[in-house]
Amino acid sequence: MVSSSRTTKDSPTQPTLSRDERNRQLALQHAHLLQYRKDIEARNLASTETLLDLPSFPTTSPSEPSTHDINVFRDALKTFQPSDYDALVEERNIDHRCGYVLCPRKNRSRDASRKYRIVTGSKATDFKVVEPKELEKWCSDECGKMALYLRVQLSDEPAWAREWQAAKLVELYSERMSGDDSTKLARQASEKRALSDTEQRLNERTTELAIERGDKGKTESLPAKVAIDVKENVYGEHMVPIPPCADNNTGGSIEGYVPTCKHVGKQPPGREEKEEDWMPTI
C-alpha cells in the first residue's frame, strides 16, 4: 500500500516570493500602467496641435478633403475620447476657426445680445431652440453635422484601457454612402420607409387633434359627432333642510345635543363682558 503522504519528485514546485518581492512587482505593474497612460495623453496633446493646422490647403472644400488630411485625422482620433474631441473644437474656436478639422473657414461670429436662437428645418414645424455657443462652433450647419457625425463614433473608454491600435477607423460623413449600388439602394429604401412611417404617425396624430378641437376640414369623412345635451340638475321635493341658526352663545346643538356651559375663573381687568371665557362642559 502506497502512503498518501508521499509526493512525486517529478511535479514542479513554484518558487515562493517574499512579501517584499510581491509588493515590488505590484508597484512596477502600476508604474508601467501610469506611464502608458501618460504616453496616451501626450499623444493626444500632440495630435491636437497637429489637427489645429488642418486642412493643409486654405482652399480645400470640407466635403472633399485631401487624402493626406483624412489619414492624419483618422490616425489622431484612434486614441481620442469625446472629451478630447470637444477640447479640439474649443481650441479651434479660440483661433477663430471652424470646429470641423477639415474645414478652412472661420466659425460664426458671437452675438452677446442673444441668449437663444431658433433653428428651422425644411418644414415650418421643424424647429428647435439652441444656445448660440452651440452654433458658433461651426461655420455652417453642414460642418456641424459632419463634425458631430465623427464625435458619436468615438469611444467613451480611455485608450489606455482598450486595444486602440486595432480599433476601427472612423467614417467621414461624406463616406456614409460608400459601397456598391445595392448597399446604397437598400440604405435609401430603409430611410424612406422610416420617413414614411413617421409621416403616417404624424398624420394620425393630426387627425386625432382635429377631432378633439372640432375642426371640419380633416374630419368630413369621419362619422358625425354624438349630440350631447347638458342640463342642470333640478331638485325635487326632497331637499336637504337648512339647519336653524342658534340664538344663544353656546353655538347651537351638536347632532341634536345642546352642551351646557359654565363660567370659568374671574373676568380679567380691562376686559369687556362679552369677551368672557366660556368652556363647554359635556
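## Overall fold

The secondary structure of this predicted chain comes to six helices and four strands, and along the sequence these elements follow the pattern α-α-α-β-β-α-α-α-β-β. Of the 282 residues in the chain, 21% are buried.

## Packing of α1 with α2

Two packed helices are described by the angle between their axes and the distance between the axes. For helix α1 (residues 19–51) and helix α2 (residues 67–76), the angle is about 155° and the axes are 10 Å apart. Because an angle over 145 degrees counts as roughly antiparallel, α1 is placed as roughly antiparallel to α2. The crossing of α1 and α2 is left-handed.

On the α1 side, the residues that take part are R43, S47, T50 and L51, and they meet V72, F73, D75 and A76 of α2. Sorted by class, this contact of α1 with α2 holds four nonpolar, two polar and two charged residues.

## Packing of α3 with α5

Helices α3 and α5 pack at an angle of about 150°, and their axes lie 10 Å apart. That angle makes α3 roughly antiparallel to α5. The contact is made by P82, Y85 and D86 from α3 together with A147, L150 and R151 from α5, and by class it has four nonpolar, no polar and two charged residues.

## Surroundings of Y85

Y85, one of the α3 residues in the contact with α5, has its place in helix α3 (residues 82–94). Its relative accessible area is 1%, so Y85 is buried, the limit for that class being under 20%.

When residues up to four places away in sequence are not counted, Y85 touches F73, L77, F80, A147, L150, R151 and L154. Of these neighbours, F73 is also among the α2 residues that meet α1, while A147, L150 and R151 are the α5 residues of the contact with α3. The C-alpha atoms of Y85 and G99, which are 14 residues apart along the chain, are separated by 9.7 Å.

## The aromatic pair

A pair of aromatic rings is described by the distance of the centres and the angle of the planes. The count for this model comes to one aromatic pair. The rings of Y149 and Y173 have centres 5.3 Å apart and planes at 80°, so the pair is edge-to-face, the planes being over 60 degrees apart.

The pair links distant parts of the chain, with Y149 in helix α5 (residues 141–151) and Y173 in the loop between α5 and α6 (181–213), 24 residues apart. As for accessibility, Y149 counts as partly exposed at 23% relative accessibility, whereas Y173, with a relative accessible area of 15%, is buried.

The C-alpha atoms of D39 and W160 are separated by 8.9 Å, although the two residues are 121 residues apart along the chain.

Note on methods. Residues are numbered from 1 along each chain as its sequence is written. This is a predicted model: local features need pLDDT of at least 70, side-chain atom pairs count only at pLDDT 80 or more; totals for chains, interfaces and linings use all residues. Side-chain values use heavy atoms; hydrogens and water are left out. Rings of Phe, Tyr and Trp (its six-membered ring) pair if their centres lie within 6.5 Å; planes under 30 degrees apart count as stacked, over 60 as edge-to-face and the rest as tilted. Helices (H or I, at least four residues) and strands (E, at least two) are DSSP runs, numbered from the N terminus. Buried means under 20% relative accessible area, exposed over 50%, partly exposed in between (1.4 Å probe, protein chains only). Axes are lines fitted to C-alpha atoms, for helices over the stretch in contact, and angles run from 0 to 180 degrees between N-to-C directions. Angles under 35 degrees count as roughly parallel, over 145 as roughly antiparallel, 65 to 115 as roughly perpendicular and the rest as oblique. A crossing is left-handed if the near helix is turned anticlockwise from the far one by less than a right angle, and right-handed if clockwise. Contact means heavy atoms within 4.5 Å. Ala, Val, Leu, Ile, Met, Phe, Trp, Tyr, Cys and Pro count as nonpolar, Asp, Glu, Lys and Arg as charged, and the others, Gly among them, as polar.
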